[in-house]
Amino acid sequence: MNSLDSRLLEALSCVESRLLTMAKKQQYRFCVGPWNFSVGQDPYGPPTRRDESFDWKLSQLKILGFEAMMFHDDDAVPEIDSKSSTQILKETRELRKRLDGEGLVAEMVAPRLWFAPQTIDGGYTSNDPKHRRYAIDRSKRTIDIANELGTDLIVLWLAREGTYLRESKSGARSVELLVEAMDAMLKHDRKIRLSIEPKPNEPMDQAYIPTIGHALAIAQLTLDPKRVGCLIESAHAILAGLDPADEIDFAMAFDKLWSLHLNDQNGLKFDQDKPFGSANLRVAFNQVRALERNGYGKKGEFICFDVHPFRTTTEENWLQHLSNSRRTFEHLLAKAKTYPEKEATALIAARNYQDLDQLVLEHLMGVR
Ligand code: GLO
Ligand code: MG
C-alpha cells in the first residue's frame with residue numbers, strides 16, 4: 001500500500017467514525033402520516049393531483065429519510081367498520097410485515113372519529129348513547145391495532161368533540177363523558193398511553209379540549225393520569241392564539257409531550273397545515289429552541305410533520321412539502337445551536353430587549 005492509499009484509508013476511517021458519532025447522537029427522528037400525501041381537494045374544488053398507492057407512499061418515506069409513519073385506524077385497516085376483529089387482526093399483521101420490510105415503525109395510531117355517520121355530532125360527547133358506544137368500541141379496536149403494529153401511543157385528535165351550537169350540549173357533562181371514554185381505553189389495555197392533540201376549532205365552532213392546558217388538566221381526572229399526555233400541533237396552538245414554543249415548554253415541564261405535529265399557519269384562518277416555518281420563521285425557530293432546551297426526542301419521541309402540499313402543487317413536486325419541512329427544521333436546528341447565547345444573556349441582563357430583538361433577526365438572516 002502506498003502512502004497515498006494509507007492516507008486515504010485513514011481519512012475514510014476518520015469520516016466513518018465521525019458519521020458513527022453523529023448517528024449515535026442523532027436525537028431527532030422524523031415521521032409523517034399517509035394523509036400528508038394529499039391530493040389537493042378542498043371544500044371548493046376537486047383533487048389536483050392523482051393519488052398514489054399506500055405502498056408507494058411507504059417506499060417514499062425511506063427515500064426521504066423518514067423513519068416512522070403515523071396512522072389513523074382506517075389508514076391501517078381501510079373500511080374498518082365493515083370488518084370483523086379477525087379480519088382487522090389479519091390485515092394489521094400484514095401491514096406490520098410491510099413496515100418491517102421497509103425498516104419503518106408505526107409512531108402512533110389514532111381513532112378516526114369524524115367520518116362515520118355515528119360521529120356526526122361527536123364521538124365520545126355525542127348526545128346519542130349508541131353513538132358514544134360506537135366511538136368507544138372503535139377506539140378499543142384502534143388500541144388492538146396499535147398493539148399489533150408495536151406502538152403504545154394512541155393519539156386523540158378530538159375532531160368533533162365540541163359544539164356547533166353552545167346550547168346543544170352540556171360542557172360539564174362533556175367533561176365527564178371524555179373522562180369516561182379515556183378511562184375505558186386505559187382499562188382496555190394497561191400499557192397504552194393516550195396523547196391528546198388539542199385544537200380550538202375546525203371542524204367544530206368550539207372544541208372541548210382547545211389547548212395543552214386543557215389536555216393536561218383533563219388527564220388528571222382519568223384513572224391513570226401518568227398514561228395521559230399530549231401532542232402539540234404548531235398550527236393548532238396558533239389558532240388558539242398561543243405561541244407553540246410556550247406550549248412546548250409547558251407540556252415538557254410536566255414530561256407530557258409525547259408527540260409533535262410541526263407545521264405552520266398564517267393567522268386565524270382555516271387550518272392551513274403549511275410547511276414548517278413557511279408563515280413565520282421566527283416562531284418556528286423558537287419551537288426548535290424549545291425542543292432543544294427540553295431534550296425532546298431523547299426518549300424516542302418523533303418529530304412528525306402534519307403538513308399538506310399547496311393545492312397548486314404539481315405531481316412532480318408532490319413530496320417537497322415533506323422534505324422542505326425537514327430541511328427547514330434542520331437549518332433552524334443549526335441556528336439554535338449557533339445562537340449567540342453570551343451576547344443574548346448580556347442583553348437580557350441589561351434589559352436591552354431592543355437589541356435582543358435585532359440579534360435574533362440578524363442571526364436568522366445569517367448576518368450574526
Ligand atoms: C387536524 C389534525 C389531524 C390529526 C390527525 C391525527 O387538524 O391535525 O391531522 O393530527 O388526524 O389524529
Ligand atoms: Mg395534527
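Q: Which backbone oxygen does the side chain of H308 reach?
A: That of W35, at 3.5 Å. Before we go on: this is a predicted model, where local features need pLDDT of at least 70, side-chain atom pairs count only at pLDDT 80 or more, and totals for chains, interfaces and linings use all residues. Residues are numbered from 1 along each chain as its sequence is written, chains are lettered from A and ligands numbered from 1 in the order in which they are written, and side-chain values use heavy atoms, with hydrogens and water left out.

Q: Which side chain does H308 make a polar contact with?
A: The side chain of S38, at 2.7 Å. A polar contact is a pair of N or O atoms within 3.5 Å; within protein, one must be able to donate a hydrogen and the other to accept it, and residues adjacent in sequence count only if both atoms are side-chain atoms.

Q: Where is H308, and what is it in contact with?
A: H308 sits in the loop between β10 and α11. Helices (H or I, at least four residues) and strands (E, at least two) are DSSP runs, numbered from the N terminus. Setting aside neighbours within four places in sequence, H308 is in contact (heavy atoms within 4.5 Å) with W35, N36, S38, D273 and H321.

Q: Now the metal. What coordinates the magnesium ion (ligand 2)?
A: E197 (OE), E233 (OE), H261 (ND1) and D306 (OD), at 2.0 to 2.3 Å. Donors are N, O and S atoms within 2.8 Å of the metal (3.2 Å for Na, K and Ca); water is not among the atoms, so sites may look incomplete.

Q: What geometry does the site of the magnesium ion (ligand 2) have?
A: Octahedral, with angles of 81 to 172° among 6 donor atoms. Six donors count as octahedral if opposite donors are over 155 degrees apart and all others between 65 and 115.

Q: Is E233 buried or exposed? And D306?
A: E233 is buried, at 2% relative accessible area. D306 is buried as well, at 7%. Buried means under 20% relative accessible area, exposed over 50%, partly exposed in between (1.4 Å probe, protein chains only).

Q: Which residues come nearest to ligand 1?
A: H72, E197, K199, E233 and D306, out of 14 residues around ligand 1. Being near takes a heavy atom within 4 Å.

Q: How far is an oxygen atom of ligand 1 from the side chains of E197, H236 and H261?
A: For E197 it is 2.7 Å to a side-chain N or O atom. For H236 it is 3.1 Å. A polar side-chain atom of H261 lies 3.1 Å from an oxygen atom of ligand 1.

Q: How much of ligand 1 does the protein cover?
A: The protein covers 94% of the 330 Å² of accessible area that ligand 1 has on its own. Areas come from the Shrake-Rupley method with a 1.4 Å probe; for residues, only the protein chains shown count as cover.

Q: Switching to backbone. Which peptide bond is cis?
A: The one from E202 to P203, with omega near 10°. P203 is in the loop between β6 (193-197) and β7 (206-207).

Q: What is phi for E202?
A: Near 65°, a positive value in a residue other than glycine. E202 is partly exposed, at 32% relative accessibility.

Definitions and conventions: Four donors count as tetrahedral if all angles lie between 85 and 135 degrees; four count as square planar and six as octahedral if opposite donors are over 155 degrees apart and all others between 65 and 115; anything else is irregular.
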